[in-house]
Amino acid sequence: MSVRLERTPVEGAWAVVMDRPEALNALSTSQARELTRVCAEVAAQDDLRVVLLTSALDRAFCVGADLKERQQMDEAGLLAQRPVLVAAFAAVSALPVPTVAVVDGHALGGGFELALRCDLVVAGPGARFALPEVGVGLVPGGGGTQLLSRRVGLNRALDLVLTGRHVDVADAERLGLVDRRGEDATATALELAGVVASRSPLAVRAARTAVRAGFDLPLPEALEVEDAAWHEAATSADRVEGIDAFVTGREPRWPSARGGR
């Protein structure tokens, strides 16, 4: 399998691991289907609190579409592949808990777009990012033209999309492409996952929904989204437990982590 699901040492944190070394995780049709399948598998885990999207390879996170496969396709074949790739990117976006891309090595084209589909990006010293599609007669098609501008602003996004230039981890951090940076990207991501996983699962999901759903709305409507999230958390058993744990100086035992509300 070119994509697999693994438990991590952090309770509630699972890893979706891309592992196609012969192609540096280039997204073939079959690998895209595997990614969609594994995303559905991880979403069904009862103890799920955080998902890490990562690579088993040192040199690459994912180098984008498999151009060797595409070279063998006619236009009809390329158009037939499109829904498969779209479904894979959508599956990452649809994961129901916070997602963290763990990038060390090349994240190019669709690989960069997979990272952009995640809530947070943690990068190691070897991380390299680019959307090089215009150099091979294509347009970024995994959400890159839209997600990148939302992350770094219109003009910075245009610079990267129209030139296809590569940026190293220091430049990526300066541009706002990277949220956390560490000498060991996996260790840094697991530390981050541990913090998120220790919080109220119900509150984390509600807060994440409020941030994401409200982002493109006018402020009055966005505040209504926030208010709905607040009410969901405020009327939950997690709120009662959280306040009691704080006042009594103990670690909380979240009811929502055990299937409660």
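## Domains

Domain bounds here come from an automatic or database domain assignment. The protein chain splits into domain 1 (3–197) and domain 2 (200–257). Their C-alpha centres lie 28 Å apart.

This is a predicted model: local features need pLDDT of at least 70, side-chain atom pairs count only at pLDDT 80 or more, and totals for chains, interfaces and linings use all residues. Residues are numbered from 1 along each chain as its sequence is written, and side-chain values use heavy atoms, with hydrogens and water left out.

## Domain interface

In contact (heavy atoms within 4.5 Å) are 11 residues of domain 1 and 9 residues of domain 2. The two domains bury about 830 Å² between them, 43% of it on carbon and sulfur atoms. Buried area is the accessible area (1.4 Å probe) that two parts lose on being put together, summed over both.

Between domain 1 and domain 2 there are 3 salt bridges. A salt bridge puts a side-chain nitrogen of Lys or Arg within 4 Å of a carboxyl oxygen of Asp or Glu. Asp216 and Arg150 form a salt bridge through their side chains, at 3.6 Å from N to O.

## Sheet

An open sheet of 6 strands runs in the order S1-S2-S3-S5-S7-S10, with mixed pairing. Strands are DSSP runs (E, at least two residues), numbered from the N terminus; two of them pair if DSSP finds at least two bridges between them. At the edges are S1 (3–7) and S10 (180–181), each pairing on one side only.

S5 (residues 99–103) and S7 (residues 120–123) run parallel, joined by 4 bridges. Ala101 stands opposite Val121 in S7.
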